[in-house]
Each structure stands twice: as C-alpha cells, then as structure tokens.
Amino acid sequence: MANKAMTFDKFRTFETEFAGRPLVVETGKTTQLANGACLVRYGETVVHVAVTGAAKPREGIDFFPLSVDFEEKLYAVGKIPGSFLKREGRPSEKAILTSRVIDRPIRPLFPKDMRNDVSVVCTVMSVDPDCQPEIVAMVGTSIAISISDIPWNGPISGVSVGYVDGEFVINPTAAQREVSEMATTVASTDSRIAMIEAGANCVSDEVMYNAIMAGHEANQQIIEFIKGIQAEIGKEKFSYPSNEPDAEMFEAIKAFSEEDIKVAMDTDDKTVRDARLQPIYEAVHAKFDEIYPDSEAKIDECLYKVQKYIVRRWLLDEQKRVDGRGMNDIRPLASEVSLLPRVHGSGLFTRGQTQVLTIATLGPVSEGQIIDGIDEEDFKRYMHHYNFPSYSVGETRPSRGPGRREIGHGALAERALVPVIPPVEEFPYSIRLVSEVLSSNGSTSQGSVCGSTLALMDAGVPIKAPVAGISCGLITEGDRWMTMVDIQGVEDFFGDMDFKVAGTHDGITAIQMDLKISGLTPEMVKEALEKTHVARNYILDEVMLKAIEAPRAELSKYAPKMLTTTIPADKISEVIGKGGKVIKEIQAQCEVKIDIEEDGENGQVFVSGIDIEQCRRALAIVETIAIDPEPGAMYLGKVTRIMDFGAFVEIAPGKEGLVHISQLDVKRTDKVTDVVNVGDVIRVKVMEIDDKGRLNLSRRDVLIEVDGLTPENDVNADRPRRDNNRGGRDNRRPRRNNG
C-alpha cells in the first residue's frame with residue numbers, strides 16, 4: 001500500500017519584531033481539531049497555545065465557564081522531574097499565578113451572556129531566560145482566540161516592563177530583571193489598559209504610572225500584528241443561545257422588588273443585608289415561578305441585575321455608598337499584635353467586617369522553599385500563605401486546601417512585602433507568614449498585607465519599612481465614571497474594578513488589577529494610584545503604627561536564635577568532616593542546627609538554636625576549624641584530659657591545646673582538679689603557638705582581661721613550666737611535693 005505524503009495547505013507563518021527580538025507565529029501545521037491554536041516563538045522560548053469551545057452551553061449555571069491553564073514542562077529547561085513518578089505533577093505556584101494573569105484580561109472580552117465552556121491551554125515547550133514564557137503565552141492566547149470561531153472582543157497584548165538605571169525596559173532580559181526596580185506586567189486592548197500585575201522596590205506613583213503607560217504603548221504594535229493575522233486566517237465566530245433574561249421579565253421583577261431591595265441593601269452589615277434579601281428572593285419566586293416556568297436561574301439573574309442597578313445608581317447619581325461612607329472614606333480600622341503567646345509573631349488587622357490574622361514563623365535558612373520549575377528561581381526564604389475558610393463568608397463547606405484564588409492572594413501579599421524583607425546577611429532566617437481570613441467583606445488580600453506587616457514587626461524582623469494595602473473600585477456608564485476607595489464585597493461584586501495597591505509611605509511594592517470591563521483609561525489609572533496612596537498612608541499612620549511603632553528589638557523567646565559567619569570555601573570539608581562527623585558532633589555538643597551554603601570562594605555558615613550562648617559557642621568552633629588560631633584569640637573549649645601539670649582543652653574538633661596548671665586560675669593552684677575536670681567547658685586564650693603548631697592556652701588571662709579578677713601577687717612565679725612534649729612518657733616531670 002503506497003504512502004501518501006502529508007501536506008499542510010493551511011500552514012502559515014507570521015513574523016514581527018517584539019522589543020528587539022523576533023516573534024514568530026506558526027498556525028495550521030498542528031492541532032487541527034482545536035477551535036484555534038498557534039505555536040509562538042520568541043527568541044528561543046516556544047509556547048504552544050490551544051483554545052477550545054463547547055458547541056452547546058452548560059446548563060444550570062449563571063457564569064461564563066472559562067478555564068486557563070499554563071503548563072510548565074520541565075523538558076523546556078532540560079530538567080527531569082524530581083518526583084518519584086518522574087513526570088510533572090500539580091501546577092507550580094508560578095504556573096497558577098501565570099494562568100490567573102492570562103485569565104484576567106481575556107475574561108471581560110467574552111460575551112457576558114455566553115455559557116459555553118471555553119478552555120485555554122498554554123504549554124511551555126522551550127524556555128529562553130531572556131524571553132519570558134508567560135508573556136509569550138499571553139500573546140499566544142490572544143492569537144489563538146482571535147483566529148478561532150469563539151466569540152470574543154479582542155485582541156489583547158501583554159508586555160513586561162522593567163525599570164533599569166532610570167529607564168523603562170520592555171520585556172527585559174534575565175540580566176536586566178536581576179537589577180530592575182520593578183516587574184510590571186501590562187495587558188491592553190487597542191484602546192484601554194486591561195490588566196496590571198506589578199511588584200516593585202518602593203517606586204513612586206509617577207514612575208509606576210509611566211511604566212504602565214509605556215507598557216500600554218508597546219502593546220499597540222502587537223495588537224495590530226494580531227489583527228493582521230485574524231484578518232487573514234480568522235474563522236467566523238459561532239452563534240450561541242443568550243442567557244440574558246428578556247427585558248419584559250427584568251422590568252416586571254424590578255418593578256415588584258426594587259423598593260424592598262433598596263431597604264434591604266442600605267446597611268453596612270453583610271449579615272443583615274443577606275438576611276433582609278432572603279424573604280425578597282422567596283417572594284419574587286413565589287410570584288414569578290408560575291409566570292415564567294423553568295426560568296428559575298433567569299429570575300435569580302434578574303434579582304442580581306436589580307441589585308446591581310441600585311448600587312450603581314446610588315454611586316453614580318447620588319454619590320451614595322451602601323454603608324453610607326464618602327467616596328474616599330475607609331471603613332473602621334483596628335490593629336493588634338501579640339495575640340498568640342507561643343508563636344514567633346502575630347498581627348490582627350480589621351477593616352470593617354474584613355478581618356485577617358497573620359502569624360509569622362522564623363526558621364533556619366535551610367527551611368526555605370525549594371522550587372522545581374522552569375523559572376530561574378530555585379529557592380526562596382520568604383514565603384506567604386493565605387487561607388480563606390468557608391466560615392469567613394458565613395458558608396458551610398469542608399476545607400479542601402488552597403485554590404487558585406488563595407494562591408493568588410498569598411502571592412500578592414508576598415510580592416508586596418518582599419522589598420522590605422532584610423537580606424539574609426542581615427537577618428539569617430527563613431520566614432513564613434500565614435494569613436488566616438477570619439471574616440471577609442471585601443479586600444482580604446490587602447488586609448493580609450497589613451496583618452503581615454504587623455506580624456513581622458511583632459516577630460522582631462527588621463523590615464525596611466511598614467507596608468499597607470488598600471483597594472480602589474470603579475463604576476462606569478458610557479463616558480461617566482467614578483472611583484471609590486476601600487471597596488467592600490457588594491461594591492466589588494456589582495462594580496467594574498478591584499484595583500489593589502500595596503506600598504510604604506514612599507512608594508509602591510505591588511499592584512493587582514481585576515476588571516469586569518474591557519479596560520481603563522490613563523485618567524482612571526492615575527486617580528486610582530493617587531487615592532490608594534493617600535489611603536495607605538492613613539492606614540499606616542493612624543492604625544498600624546499605633547499598634548506597634550517599630551520591629552521589636554528582640555526575637556520571641558520561642559524563636560530560634562541565628563548567627564552567621566563566612567569561611568573559606570576550601571575549609572567547608574573540614575567543618576563538615578568525613579561522613580559529616582565533625583558537624584554532627586558540633587550540633588550534638590551545642591544543641592544547634594548548622595547549615596552551610598557555598599558561594600564562590602566563600603562558605604556562608606548559619607547556626608540556629610534556642611540558646612544564644614550555645615549558638616555562639618558552635619559558631620566559635622566552626623570559625624576555629626576554618627581559621628587557624630592566633631595568639632591573643634579567645635575560645636570556648638572543652639576539657640578533654642587532666643594531667644598533673646595541666647589540662648588539655650579542645651577548642652575545636654582536632655584542635656587541642658594545653659592550659660598549664662600555672663595558667664588555670666588567678667590564685668595559686670595545687671591540683672588541676674581543684675579548678676577543672678574532664679568535660680568542663682571553659683574560656684581560654686591562645687598564649688603562643690610553638691614551631692610544631694601546638695597551642696599553649698591560658699584560662700588565667702581570660703579571668704583577668706574579661707572577668708576583671710585581680711591576680712594574687714606572684715602566686716605562680718616559682719612554678720616551673722613544662723617543656724612542650726605534651727606529657728610524653730620519656731620527659732614527664734615528677735609530681736610536685738605539696739607537703
């Protein structure tokens with residue numbers, strides 16, 4: 001049977017330049033059964049994107065079912081997975097965060113009344129560190145949906161903006177990202193800013209605003225490129241059954257329930273509001289279920305739209321908020337620290353009915369998180385975790401571990417605080433924060449930022465500056481728009497934006513923007529930045545810093561004490577010893593934990609334990625092994641042998657010296673055991689090192705120089721000094737007659 005060569009009649013290649021590097025899009029060669037697909041090459045980064053849409057809508061839901069998956073394949077960076085099964089497992093935190101970043105700008109551009117499942121899968125197949133795969137995936141997603149037959153009001157484009165040496169850099173290289181003052185991702189449509197995700201080293205509002213505008217401008221070139229691809233090979237969009245309730249139904253339900261809903265919603269208490277709305281829902285269904293049979297979901301949709309209509313009319317027409325606040329007013333605030341006695345640090349932050357308790361835990365550097373992914377980062381010592389239990393919103397369901405939302409909120413709070421965490425050289429600890437949301441009525445992620453600052457300061461972490469977070473909302477209607485600070489749940493639910501900004505007094509450390517509309521104008525962005533800056537300064541000055549003014553001077557007594565030193569890299573093996581014998585002995589002897597990290601020519605040694613004196617002792621032993629003793633240096637050593645003429649003291653494994661009987665005390669010593677015994681730990685000073693490298697030590701000099709004791713006059717002047725045979729049998733002195 002003859003073979004037929006395959007032809008790829010639909011195979012097309014499109015190419016442009018993107019931030020100085022070639023961007024190549026391939027379509028039609030693979031993935032023939034997806035609604036839309038493309039392979040995007042940017043430098044040597046390659047991402048495959050496929051989008052599929054269900055032919056029929058999903059029944060019984062009141063939302064648009066979109067899923068976005070960013071799949072990291074370790075072969076993309078030449079790694080074999082470290083798991084037992086040797087295959088990729090659950091998505092990494094970075095993959096989940098990237099999926100959310102792609103989801104946020106594309107979701108508002110789908111028809112709001114569509115209920116057909118849509119799935120986007122971005123598979124990272126090759127990674128060039130200079131060309132970020134998350135940016136390639138976002139552009140590829142826009143292309144795949146644009147050329148598909150799925151209804152969508154795109155395209156969008158996304159870029160990464162860095163700030164290096166006072167200049168904005170679009171899609172910075174790996175080297176540029178290392179020194180950049182910010183990492184800001186900006187997604188845009190052809191007219192508006194659709195998404196902002198930023199981490200920054202306390203940059204000013206002006207710098208952040210200009211970075212966003214630079215990203216928005218850079219996006220326009222790629223949007224035009226995608227429009228060209230869509231015009232050439234894009235499919236006709238399919239039709240779908242609208243889930244929008246008909247106008248007659250909506251007007252009837254609105255007329256029946258509007259006044260009652262206004263009364264129900266006019267409260268600052270979410271519990272009261274929900275209780276008031278329940279009988280209204282029952283009354284509406286009792287009246288309209290017979291009039292509109294089999295339309296229960298659409299009746300609920302009408303009730304939702306009536307509430308949304310009321311809230312938006314209050315805001316736009318009356319400048320009235322549901323809880324009676326002014327547009328720039330913040331809900332009642334409270335801060336408290338040291339709630340939990342045995343933890344290393346704790347902080348409770350309350351804003352209205354939103355309440356977050358954050359707990360700080362300190363540990364050895366080795367207890368940081370090892371990351372097995374496609375990113376260059378493989379270890380981090382500062383971790384933030386966020387938990388959102390069902391009871392926080394008055395619901396009843398079992399806990400099943402963190403979802404994407406919890407991971408996203410935890411990462412946002414982590415990003416907000418990273419710039420103020422002291423470097424490991426100044427504070428040699430791993431730090432874990434856990435934010436427990438106790439009650440939620442809007443902006444818990446920013447509540448966790450504030451609670452985390454309190455917990456860090458309570459734990460004695462010397463942060464560079466306190467950080468607070470606040471959100472800004474938006475209502476739009478045609479050309480009309482208005483913003484309001486500190487949105488609660490109902491304003492987030494019925495509004496158009498949740499613009500979260502965290503920072504210090506001086507600058508921004510993190511931004512995350514969620515939108516329900518196609519995008520923001522520059523004026524909206526500028527106003528949101530200005531309002532959130534004023535609000536976070538108020539939160540810091542009037543609430544948080546009144547609970548705790550500065551990081552505590554001392555760590556909790558339950559926190560491990562940590563010391564660090566640097567030793568030559570070629571001495572690390574001596575400190576560890578054969579089979580780890582030496583380091584294990586030091587750890588057991590001093591009841592500490594020792595970690596060593598090699599960094600070029602040096603080794604960084606971290607010693608942790610509950611007793612600071614034992615930590616100092618262990619550190620001194622390590623330094624003694626790594627650095628040859630010099631005359632005049634003092635050490636803490638252990639008595640290993642007793643002779644008539646003195647005591648042998650080990651100041652480090654393998655390093656032993658003699659304290660002659662005349663150097664044991666400030667007064668005359670007749671018997672060595674009158675002063676020390678085997679196993680005692682004493683302080684000694686190196687008097688001399690003979691030509692054979694042997695140590696002569698003195699306890700007497702330490703007592704005089706450190707403890708300030710006064711020696712008795714010439715008490716040991718007539719005591720003969722032993723030669724340096726160290727007690728060899730042939731030269732042993734006769735025992736002194738003390739009679």
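What follows is an account of the salt bridges.

Reply: This is a predicted model, in which local features need pLDDT of at least 70 and side-chain atom pairs count only at pLDDT 80 or more, while totals for chains, interfaces and linings use all residues. Residues are numbered from 1 along each chain as its sequence is written, and side-chain values use heavy atoms, with hydrogens and water left out.

The structure holds 48 salt bridges, a salt bridge being a side-chain nitrogen of Lys or Arg within 4 Å of a carboxyl oxygen of Asp or Glu. One of them joins lysine 94 to glutamate 134, with 3.7 Å between the closest N and O atoms. Because lysine 94 lies in helix α1 (residues 93-106) and glutamate 134 in helix α2 (residues 133-147), the pair ties together parts that are 40 residues apart in sequence; helices here are DSSP runs of H or I with at least four residues, and strands are runs of E with at least two, numbered from the N terminus. Lysine 94 is partly exposed at 29% relative accessibility, whereas glutamate 134 is buried at 19%, where buried means under 20% relative accessible area, exposed over 50% and partly exposed in between, with a 1.4 Å probe and protein chains only.

A salt bridge also forms between lysine 227 and aspartate 190, at 2.9 Å from N to O. Lysine 227 belongs to helix α4 (residues 205-233) and aspartate 190 to the loop between β9 (182-188) and β10 (193-203), 37 residues apart. Lysine 227 is partly exposed at 28%, and aspartate 190 is partly exposed at 41%.
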